[in-house]
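Thank you for letting me take a few minutes of the meeting.

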Amino acid sequence: MRALGRAPAWSLPRHPGDALRLLAGVAILVASTAAVRDHRVGMLETDVFRLVNDLPTALFPLFWVVMQAGNVLAVAVVAAVVAAFRRFWLAANLVVAGVGVWLAAKLIKETVGRGRPPDLLSMVHVRGDPADGLGYVSGHAAVAVAMATLASPYLGRRARRIAWAVAFAVCLSRMYVGAHLPLDVVGGAALGWAAGAFVHLLLGAPGGRPGPG
């Protein structure tokens, strides 16, 4: 993580790139929402879903473990670990972004009202406990991408790549277990990306390359 020196955490700068990421995330979210249909799934979306959902069942334990990184409870766990290293400002940022995006995802679900894959497609492989409620957007994808976006400026290159690889794997895992369709995941990821960028603009974020600390 980046050494902050003597400057107080709340004085971290705001960066124009985060404004661009916020706008891009919102644009993708709006576009994916406009493409969603309540009672049917397009051919391309169906093909992408089948490609992931038809992967071997033997991969389920691995996908299940990775999928937990998008659970809202993971926000509390990650924030607690970060706080244990005395990075209290980052921990607070993670809680704000993670819980905020989870609540936003629930609101969007109720507004759009799209069902889960088994409601819209036949022969869906449902692995683990069936997901209840509505499908669009994926809360797991939103939480995982929000935390990766939020933490990225505090991480070195290798750790940043790992964070984004985990977020991407969470998105795939939700299709693999039959809980979400591709647009659900795209919309959730866009929401998380926008939320992370918004928190950076609101509370500040480190700039430049992270130091050895």
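**A helix, its neighbours and the salt bridges**

In this predicted model, helix α8, which runs over residues 157-176, has 20 residues and reaches 28 Å from its first C-alpha to its last, close to the 28 Å expected at 1.5 Å a residue. Its buried residues, including Ala163, Val170 and Tyr176, pack against α2, α3, α7 and α9. After α8 comes glycine 178, whose phi is positive, near 80 degrees.

Two of those neighbours, α7 and α9, also pack with each other, at an angle of about 35 degrees and with their axes 7 Å apart, in a right-handed crossing. By class, that contact has 11 nonpolar, five polar and no charged residues.

Aspartate 18 counts as buried, because its relative accessibility is 3%, whereas arginine 21 is partly exposed at 33%.

In another, glutamate 45 meets arginine 114, with the closest N and O atoms 2.9 Å apart; glutamate 45 lies in α2 and arginine 114 in the loop between α5 and α6, so the pair ties together parts that are 69 residues apart in sequence. Arginine 114 also forms a salt bridge with aspartate 184, which lies in α9, so this pair ties together parts 70 residues apart in sequence. Through shared partners, Glu45, Arg114 and Asp184 are joined into one network.

Terms used. Residues are numbered from 1 along each chain as its sequence is written. This is a predicted model: local features need pLDDT of at least 70, side-chain atom pairs count only at pLDDT 80 or more; totals for chains, interfaces and linings use all residues. Side-chain values use heavy atoms; hydrogens and water are left out. Axes are lines fitted to C-alpha atoms, for helices over the stretch in contact, and angles run from 0 to 180 degrees between N-to-C directions. Helices (H or I, at least four residues) and strands (E, at least two) are DSSP runs, numbered from the N terminus. A crossing is left-handed if the near helix is turned anticlockwise from the far one by less than a right angle, and right-handed if clockwise. Ala, Val, Leu, Ile, Met, Phe, Trp, Tyr, Cys and Pro count as nonpolar, Asp, Glu, Lys and Arg as charged, and the others, Gly among them, as polar. The expected span of a helix is 1.5 Å times one less than its number of residues. Buried means under 20% relative accessible area, exposed over 50%, partly exposed in between (1.4 Å probe, protein chains only). Contact means heavy atoms within 4.5 Å. A salt bridge is a side-chain nitrogen of Lys or Arg within 4 Å of a carboxyl oxygen of Asp or Glu.
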